[in-house]
Amino acid sequence: MKRSLFGRIWPNATALVLFVGFVFPVYWMFATAFKPAGDIIADNPVWFPTDITFTHFTKALHADHFWTLVANSVIVTVCSVVFSLVISLFAAFALARMRFKGRRGLIVTFMLAQMAPWEVMIIAIYMLVRDNDMLDSLVPLTAFYTMMVLPLTILTLRGYVAAVPKELEESAMVDGCTRVQAFVRVIFPLLAPGLMATSLFGFITAWNEFPLVLILNKSIEKQTLPIWLSQFRTAFGDDWGATMAASTLFALPILILFIVLQRKAVSGLTDGAVKG
């Protein structure tokens, strides 16, 4: 009985500790954003804010170039997600349905590309963009963000395409559909969970990316929101209230998107990883 009881308790206790460890920083960010400045720098931490203030959010929303950087982040992120999904759909279909020389090697290459840190190429990326006179532009950011998410996107969608029985596609072609029409009408609707999972991954990657935009875009008008988060400083040091409010605003789109796509995204990542 004791061993059985212990076997039931310790996994739940471990999960609870991990949950608190992951959630507490997020809670502290949200709580600090609503605290008065005095509570933030108090010697004794104020765990639960009682005097709610929106001053820090006002300061963040009225920061210089805020809406310009919001527009830049939205443009780069949405374009990266759309381009990666379009390219990945065709690549995943080719890898799942067609047999050609070098197919397995290509799949292994995508896996290795996903595991390798892109930071090792940052000098080469900078020189390439500089030599083509494209510094301070959103175009290289969009292109490289798309490349960063392509390997996982292709591998995930390949698993979904491979899981769709060929007979469905062949039946549609027998009924008069071309291969393209069969893909659009039969296979594409069945890829919805995988598309949501990969789009969420691409969105988070492009939305949070910091080093690349810092190196390639020196002009504030061509930067994105992660750079904006590092600008809340005063003569007395970091303005933690404004920083936490800005971080909260920055995290909200990802949080909302994850809540909306949660079920489909989680099943999409797991199913696409094991099928095919």
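Q: Leaving aside neighbours within four places in sequence, which residues is Gly-202 in contact with?
A: This is a predicted model. In it, Gly-202 is in contact with Val-81 and Val-149. Contact needs heavy atoms within 4.5 Å. Val-149 is 53 residues away from Gly-202 in sequence, yet the two C-alpha atoms are 5.7 Å apart.

Q: Why is Gly-202 called buried?
A: Buried means under 20% relative accessible area. Gly-202 has 3%, so the label buried applies. The residue lies in helix H10, residues 192-208. Other buried residues of H10 include Leu-195, Leu-200, Phe-203 and Trp-207.

Q: What makes the span of H10 close to the expected one?
A: The expected span is 1.5 Å times one less than the number of residues. H10 has 17 residues, and the expected value is 24 Å. From first C-alpha to last, H10 reaches 24 Å.

Q: How does the span of H5 compare with the one expected?
A: Helix H5 covers residues 103-115, 13 residues in total. It reaches 19 Å, close to the 18 Å expected at 1.5 Å a residue.

Q: How do you know that the buried residues of H5 line one face?
A: Arg-103, Ile-107 and Phe-110 are the buried residues in H5. Seen down the helix axis, the buried residues fall within an arc of 55°, so they line one face. An α-helix has 3.6 residues a turn, so residues three or four places apart point the same way. Arg-104 and Met-115 are exposed on the other side of H5. Helix H4 (66-97) and helix H7 (138-163) are among what covers the buried residues.

Q: Why is Leu-18 called partly exposed?
A: Leu-18 has 47% relative accessibility, so it counts as partly exposed. It sits in helix H1, residues 2-34. Leu-18 also belongs to a nonpolar surface patch, together with residues including Phe-19, Phe-22 and Trp-47. The patch has about 1100 Å² of accessible area together.

Q: What makes the phi of Asp-133 worth a remark, and is the residue buried or exposed?
A: Its phi is near 55°, a positive value in a residue other than glycine. Exposed means over 50%. Asp-133 has a relative accessible area of 70%, so it is exposed. Its place is in the loop between helix H6 (122-131) and H7.

Q: Why is Asp-136 called partly exposed?
A: Its relative accessibility is 30%, so Asp-136 counts as partly exposed. Asp-136 lies in the loop between H6 and H7. Its phi is positive, about 60°, although it is not a glycine.

Terms used. Residues are numbered from 1 along each chain as its sequence is written. This is a predicted model: local features need pLDDT of at least 70, side-chain atom pairs count only at pLDDT 80 or more; totals for chains, interfaces and linings use all residues. Side-chain values use heavy atoms; hydrogens and water are left out. Patches are made of residues with over 30% relative accessible area and no salt bridge: like charges are joined within 9 Å, nonpolar side chains (Val, Leu, Ile, Met, Phe, Trp, Tyr) within 5 Å. Accessible areas come from the Shrake-Rupley method with a 1.4 Å probe; for residues, only the protein chains shown count as cover. A salt bridge is a side-chain nitrogen of Lys or Arg within 4 Å of a carboxyl oxygen of Asp or Glu. Helices (H or I, at least four residues) and strands (E, at least two) are DSSP runs, numbered from the N terminus. Buried means under 20% relative accessible area, exposed over 50%, partly exposed in between (1.4 Å probe, protein chains only). The arc is that of the directions from the helix axis to the C-beta atoms.
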